[in-house]
Amino acid sequence: MYLLKNNLLAMALVCLLISSCSKEDSVEVEAANYDIDLALAQKNDTDMSVQILELVNIHRKSLGLSTLKMDTQYSSAFAVNHTQYMIEKEQISHDNFGYRSEGIKYHVGAQVVGENVAYGYDTAEKVMNAWLKSPGHRAIIEGNYTHTGFGVMKCDEGRSYYTELFYRK
């Protein structure tokens with residue numbers, strides 16, 4: 001009986017060790033969940049993004065808020081990826097925002113993430129004015145953020161689609 005109990009205990013311990021995972025394993029899985037091709041950021045319309053950022057920062061300064069810094073890596077790659085998604089669907093959305101938010105938090109150490117989207121505007125002034133007229137979009141622009149990234153692209157028909165991601169470190 002004693003030998004049987006020890007064998008069962010040993011088997012249970014082996015099963016526990018085999019089925020457990022280490023912290024390093026879970027970090028690798030998490031990293032794989034938020035992989036993003038940083039080359040996507042190169043597809044962003046940088047000129048339009050800079051113009052929008054200038055307008056965002058002018059507005060923020062007028063309210064005594066800090067200006068935002070451009071992130072041309074992770075948040076822009078996630079933004080371009082979402083803009084491509086919207087172009088494929090031919091509609092604007094915040095679909096899968098949680099994924100973008102968690103990915104930015106994981107890669108850059110962001111504490112909080114916000115997002116504005118739009119389409120059809122042909123100038124930075126027009127998209128900015130539309131966002132400022134919308135209470136939800138305005139709140140994001142005026143939020144407690146430090147950085148922003150862009151996904152500004154045109155579809156085959158020539159309409160512009162916009163994703164601007166905001167985050168605070």
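These exercises work through parts of a predicted model.

**Exercise 1. Ser93**

Task: Where is Ser93 found, and is Ser93 buried or exposed?

Solution. 
Step 1: Ser93 sits in the loop between helix H4 (74-89) and helix H5 (97-108).
Step 2: Check the area. Ser93 has a relative accessible area of 11%. Buried means under 20%. So Ser93 is buried.
Step 3: The Ser93 side chain reaches the backbone nitrogen of Asp95 at 3.3 Å.
Step 4: List the contacts. Leaving out residues up to four places away in sequence, Ser93 touches His82, Tyr85, Met86, Glu115 and Val117.

**Exercise 2. His82**

Task: Which residues does His82 touch, not counting residues up to four places away in sequence?

Solution. 
Step 1: Find His82. This residue is in helix H4.
Step 2: The relative accessible area of His82 is 2%, so the residue is buried.
Step 3: Name the neighbours. With residues up to four places away in sequence not counted, His82 touches Ser93, His94, Asp95, Arg100, Glu115, Val117 and Thr163.
Step 4: Compare sequence with space. His82 and Gly151 are 69 residues apart in sequence, but their C-alpha atoms are 7.5 Å apart.

**Exercise 3. The sheet and its helices**

Task: In what order do the 4 strands of the open sheet stand, and which strands are at the edges?

Solution. 
Step 1: Write the order. The strands run S1-S3-S4-S2, with mixed pairing.
Step 2: Find the edges. They are strand S1 (69-70) and strand S2 (112-119). Each has a single partner strand, so one side of each has no neighbour in the sheet.
Step 3: Follow S1 to its partner. S1 and strand S3 (residues 147-154) run parallel, joined by 2 bridges. Met70 has Thr148 in S3 as its bridge partner.
Step 4: H4 lies across S2, S3 and strand S4 (160-168), at about 30° to S3. H5 also packs on the sheet and touches S2 and S4. Its direction makes about 135° with that of S2.

**Exercise 4. Two packed helices**

Task: At what angle do helix H3 (residues 46-62) and helix H6 (residues 124-133) pack?

Solution. 
Step 1: Take the two values. The angle is about 45°, and the axes of H3 and H6 are 9 Å apart.
Step 2: Name the arrangement. This angle makes H3 oblique to H6.
Step 3: The crossing of H3 past H6 is right-handed.
Step 4: Find residues where they meet. On the H3 side, these include Leu55 and His59. On the H6 side, Met128 and Trp131 are among them.

Terms used:
Residues numbered from 1 in each chain as written. Predicted model: local features only at pLDDT ≥ 70, side-chain atom pairs only at ≥ 80, totals over all residues. Heavy atoms only, no water. Buried < 20%, exposed > 50% of the residue type's maximum accessible area, 1.4 Å probe, protein only. Polar contact = N/O pair within 3.5 Å; in protein donor to acceptor, adjacent residues only side chain to side chain. Contact = heavy atoms within 4.5 Å. Pairing = 2+ DSSP bridges. Axes fitted to C-alpha atoms, helices over the stretch in contact; angles between N-to-C directions. Parallel < 35°, antiparallel > 145°, perpendicular 65-115°, else oblique. Left-handed = near helix turned anticlockwise from the far one by under 90°.
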